[in-house]
Amino acid sequence: MEGDDRERLLATMPLHAITSTYGEAGLRDRFAFEIASWAEADRRRMQRALDRAARLHADDRRDREPYVNHLLRVAIRIISYYGVHDAEVICAALLHDAVEDHAADLAAGGGGADLAAGGGGAELTGGRADQQAALAVLAAEFGPRVAELVGVVTNPPYARDRDEDEQYREHVADGLRDNPWARVIKASDFTDNGVGLIHTTGPRLHRLAGKYAPLVPVLADLIARPDTPLDAAVKEHILAQLDRAAERFAAVRGDAARGRSLGMPELPEVETARRLIADLALGRRITGVDDADTFVCRPHSPGELRAALTGRTLTAAHRRGKTMWCETSGLDGSDLGPILGIHLGMSGRIVVTAPDGWVAEGGDPPGRDAEPRKAEWDRFTLEFADGGRLALFDKRRLGRIVLNPDLDRLGPDAAEVTTAEFRALITTGTIAVKARLLDQSKIAGVGNLLADEALWQAKVPPATPVSRLQRKDADRLYRAVRSVLASAAAKGGAHTGDVIAARRPGASCPRCGAEMVHGTVGGRSTWWCSREQAAWSPAPADSASRQPAARRKGIF
Ligand SMILES: [Zn+2]
């Protein structure tokens, strides 16, 4: 291939594809391409940072690849996908692990691989004095801002008497709170680690998932903040990736095998929450609103929801698909109040307390938060004049509360759509059938678990282009969706489906006994029977970025 062709090709390839096809050389070329039009001085500085990082990490491996690949991807992602044009941020991205892994080398003025004691990672973490000295070296070579950014994303030496993962998470949250640009580097680093997890196996995989999973909501919160210097579309992109990372971590940790639901609460769970509000919360006058959680209540500012809702009552609770909303009364008894949109996120529940203190819950099945509850897990609360309350309980903090949500973007409810409507909505276009089922703007209410269950019941391969579905396939799928919804509602949730327990490595199909296979369809973790759903199967496992990443079309 001619040099120019290769360059153009590299510029369009996903980073993991460059890595697997061209390795370090490809990533270096892509990096050079990304910075080619930058100012000469900036380019020199970034090239020096890359050289320095490459020397420091020369003997380090990250699984089976040179460590510098990771540093290159973190830097390229920030330039190319996050749209950042800031040489100091890129230098810090390239050097983000230099102090953590090689403080002593840096401090000694070295940086050659010959000085390294071998291996990478935490075991090489130097003492605090080494780290300070190393940061001073970086400040002298690349400027104080680069050193400051690297300092924020560097883990201090761990205190021996405390849990390392906990210290890690605390450090990340504290450091990033005060430094918006460091959040950008951490997001790219985290994305790379999250993607890397699929190439890791065995006990280490579980350990890493345990370490990173609790960080997802923390990072999501920081990224969504108004002072994070990224475009709104980029923030949405990162938040969607964090969603997927959370799902992947949950799968790795075997949450499904333990009978918990994975991903968002689905239609049956949301319906239990809606019914709970309709039965127990309507007509009670609102005297107080806790809307202090600006992440769950984004884009509203603190006090905005309180001002809008205090003095009113909830008058009706509605749901379409997984989206729920309440009507409210007018203040003077005449006009209507605002609509209160409630989204349960990944694991939210509605908790309604009666005047006498009796508590009822609806939404995601309890169990994943069996440990003692913390008050701050109530992310949004309505206090009623009668002494009771309604709370959105959401440990993972991925629910949303929004005034006057846009309901026009939702398709008809999956439990109410007719055969003819379903056939028309499901078979238009060429997208994979699973991605179409998940598209809430076409049909509202089918989430990841219900989609896998319905496709398995109907024996339809999840990656089948919808244009290839015959009428009888579409009708069989329609009946499967309806029966899966009814069964989930009766049994208490999407996690009760027949094939859900078999969504794990090594499991066999509960119907025919063939091996269950795993892959990514429509950007979501997908399991199917290798025998009965064999046609149109995507390559198992890490085909994530080759599929168009179907944005989750939630309403908020
Ligand atoms: Zn089977």
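Guide: Before the visit starts, one term is needed: donors are N, O and S atoms within 2.8 Å of the metal, and since water is not among the atoms, sites may look incomplete.

Visitor: Which residues coordinate the zinc ion?
Guide: In this predicted model, the donors of the zinc ion follow the spacing C-x2-C-x16-C-x2-E along the chain. The distances to the zinc ion run from 1.9 to 2.3 Å, within the 2.8 Å that a donor may have. The coordinating residues, with their atoms, are Cys509 (SG), Cys512 (SG), Cys529 (SG) and Glu532 (OE).

Visitor: What arrangement do the four donor atoms around the zinc ion make?
Guide: Four donors count as tetrahedral if all angles lie between 85 and 135 degrees. Around the zinc ion the four donor atoms subtend angles of 100 to 118°, and therefore the arrangement is tetrahedral.

Visitor: What share of the 556 residues of the protein chain count as buried?
Guide: The secondary structure of the protein chain comes to 19 helices and 13 strands. Among its contacts between residues at least 6 apart in sequence, 67% join residues at least 24 apart. As for burial, the share of the 556 residues that count as buried is 55%.

Visitor: At what angle do helix α7 and helix α8 pack?
Guide: Two packed helices are described by the angle between their axes and the distance between the axes. Helix α7 covers residues 128-142 and helix α8 covers residues 144-152, and their axes lie 7 Å apart. The crossing of α7 and α8 is right-handed, and the angle at which they pack is about 145°.

Visitor: Which residues in α8 meet those in α7?
Guide: From α7, the residues in this contact are Leu135, Leu138, Ala139 and Phe142. By class, the contact of α7 with α8 holds eight nonpolar residues, one polar residue and no charged ones. On the side of α8, the residues are Pro144, Val146, Ala147, Val150 and Gly151.

Visitor: Against which helices do the buried residues of α6 pack?
Guide: Helix α6 spans residues 98-107 and is mostly covered, with eight of its ten residues buried. The buried ones are Ala98, Val99, Glu100, Asp101, His102, Ala103, Asp105 and Leu106. The helices against which these buried residues pack are α3 (40-56), α4 (67-81), α7 and α8.

Visitor: Which residues does alanine 391 touch, not counting residues up to four places away in sequence?
Guide: Alanine 391 lies in strand β10, residues 389-393, and is buried, with a relative accessible area of 1%. Its C-alpha atom is separated by 6.5 Å from that of valine 352, which is 39 residues apart from it along the chain. Under the stated limit on sequence distance, the residues that alanine 391 touches are Arg349, Ile350, Val351, Asp378, Phe380 and Thr381.

Visitor: Where is the place of proline 299?
Guide: Most residues other than glycine have a negative phi, and most peptide bonds are trans. The peptide bond from arginine 298 to proline 299 is cis, with omega near 5°. The place of proline 299 is in the loop between β3 (286-290) and α15 (304-309).

Visitor: What is the phi of lysine 459?
Guide: Lysine 459 lies in the loop between α18 (448-457) and α19 (471-491), and is partly exposed, with a relative accessible area of 40%. Its phi is a positive value in a residue other than glycine, and this value is near 55°.

Definitions and conventions:
Residues are numbered from 1 along each chain as its sequence is written. This is a predicted model: local features need pLDDT of at least 70, side-chain atom pairs count only at pLDDT 80 or more; totals for chains, interfaces and linings use all residues. Side-chain values use heavy atoms; hydrogens and water are left out. Axes are lines fitted to C-alpha atoms, for helices over the stretch in contact, and angles run from 0 to 180 degrees between N-to-C directions. Helices (H or I, at least four residues) and strands (E, at least two) are DSSP runs, numbered from the N terminus. A crossing is left-handed if the near helix is turned anticlockwise from the far one by less than a right angle, and right-handed if clockwise. Contact means heavy atoms within 4.5 Å. Ala, Val, Leu, Ile, Met, Phe, Trp, Tyr, Cys and Pro count as nonpolar, Asp, Glu, Lys and Arg as charged, and the others, Gly among them, as polar. Donors are N, O and S atoms within 2.8 Å of the metal (3.2 Å for Na, K and Ca); water is not among the atoms, so sites may look incomplete. Four donors count as tetrahedral if all angles lie between 85 and 135 degrees; four count as square planar and six as octahedral if opposite donors are over 155 degrees apart and all others between 65 and 115; anything else is irregular. Buried means under 20% relative accessible area, exposed over 50%, partly exposed in between (1.4 Å probe, protein chains only).
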